[in-house]
Amino acid sequence: MTEWLIFAGVMLLGAMLPGANTAIILRNTLQGSRRTGFITALGLATALAIHVVLSVIGLAALIERTPILYEAIRWLGSAYLIYLGVVYLATRSSGENDDPEKSSGNPFIAGMMVSLFNPKILIMFVAIFSHIMAEVNSIGMQVLYCVTPVLVELSWLSMIILMLTRPAIQVWLKKVRSRIERVIGGGLVLLGIKLGLG
C-alpha cells in the first residue's frame, strides 16, 4: 500500500504542474461556467483513461518505438494547442451574456484532444505502468493503479473549478477576464510551439 501512496502522490504532483490541462480548465471555466469547467475536466480525465488503457495493452510502447507515429501525434498535439491559443487570443468577451457553448466550443472534446495528443503523457504512462504491472500480481491492485491517475486528475481539476467559481473570486475575475484570456491563449501557443520543437 505504501507503493500505491507514493504513486498517487506522484500523480497528484503531475496533475498540479501548470500546463495545457490547467490552461484549458481555467479558460473554459472563466469563459463558460462551472458546468463547462466540469465537462472539460471529464474530457481531460477520459483522455487520461485512454492513455492508461493504451499503456496497459502495450500500444503506447508501440507508438514510442515507431518514430513516425510518435512524430505525427506530437505534431497534431502541437498544432491543436497553437490553434486553441490563437482562438483564445482572438476571442473578445462581450459581457455576462456570452454563450458558454459558443465561446468554448465543445468543452469535452477540447479537453480530451488537449490531453490525448500529448505524447509526453503517453510515454510517461508507458514508463510507469511497465514497471507497476510487472510487480503487482493482484488484479484489484492493478485496477486501483489504473484508476488512480484519472481520479487524482479529476479531483485536482474539480478543486480548481470550485475555487474559480466562488462568488467572491468571480467578482474579481470578471474585471481581469480579458487579460487572463490573453495570457492563457499565449501560454497555449507557447506550449504548442514547445511540444512541436520536442
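Buried, as used here, means under 20% relative accessible area, exposed means over 50%, and partly exposed lies in between (1.4 Å probe, protein chains only). The model is predicted, with local features needing pLDDT of at least 70, side-chain atom pairs counting only at pLDDT 80 or more, and totals for chains, interfaces and linings using all residues. Residues are numbered from 1 along each chain as its sequence is written, and side-chain values use heavy atoms, with hydrogens and water left out.

The protein as a whole contains 10 helices and 0 strands, where helices (H or I, at least four residues) and strands (E, at least two) are DSSP runs numbered from the N terminus. Read from the N terminus, the order of elements is α-α-α-α-α-α-α-α-α-α. Of the 198 residues, 44% are buried. The accessible surface amounts to about 10500 Å², and carbon and sulfur atoms account for 71% of that surface; these areas come from the Shrake-Rupley method with a 1.4 Å probe, and for residues only the protein chains shown count as cover. Contact means heavy atoms within 4.5 Å. Among contacts between residues at least 6 apart in sequence, 87% join residues at least 24 apart.

The UniProt record, an unreviewed entry, places the feature "transmembrane region" at residues 6-26, 38-60, 72-91, 112-134 and 154-173. Positions from UniProt are given in the numbering used here, feature names are shortened, and annotations may be inferred rather than shown by experiment. In the model, residues 6-26 are 86% helix and 0% strand, with the end C-alpha atoms 28 Å apart. For residues 154-173 the figures are 90% helix and 0% strand, with 23 Å between the end C-alpha atoms.

Back at the start of H7, a side-chain oxygen of Asn106 comes to within 3.0 Å of the backbone nitrogen of Phe108. Further along H7 sits Ser115, which is buried because its relative accessible area is 1%. Leaving aside neighbours within four places in sequence, Ser115 is in contact with Asn21, Leu44, Ala47, Leu48, His51 and Ile121. Ser115 and Ala20 are 95 residues apart in sequence, yet their C-alpha atoms are 7.9 Å apart in space.

Asn28 counts as buried because its relative accessible area is 0%. The side chain of Asn28 makes a polar contact of 2.9 Å with the side chain of Thr40. A polar contact is a pair of N or O atoms within 3.5 Å; within protein, one must be able to donate a hydrogen and the other to accept it, and residues adjacent in sequence count only if both atoms are side-chain atoms. Thr29 is buried as well, since its relative accessible area is 2%. Beyond its neighbours within four places in sequence, Thr29 is in contact with Gly37, Ile161, Leu164 and Thr165.

On the surface, Ile139, Val143, Val147 and Leu151 form a nonpolar patch with about 360 Å² of accessible area together. Patches are made of residues with over 30% relative accessible area and no salt bridge, joining like charges within 9 Å and nonpolar side chains (Val, Leu, Ile, Met, Phe, Trp, Tyr) within 5 Å. A salt bridge is a side-chain nitrogen of Lys or Arg within 4 Å of a carboxyl oxygen of Asp or Glu. Val143 belongs to helix H9 (residues 139-164) and is partly exposed because its relative accessible area is 46%. An α-helix has 3.6 residues a turn, so residues three or four places apart point the same way.

Met1 lies in the segment before helix H1 (2-16) and is exposed, given a relative accessibility of 59%. Met1 and Met141 are 140 residues apart in sequence and 9.0 Å apart in space, C-alpha to C-alpha.
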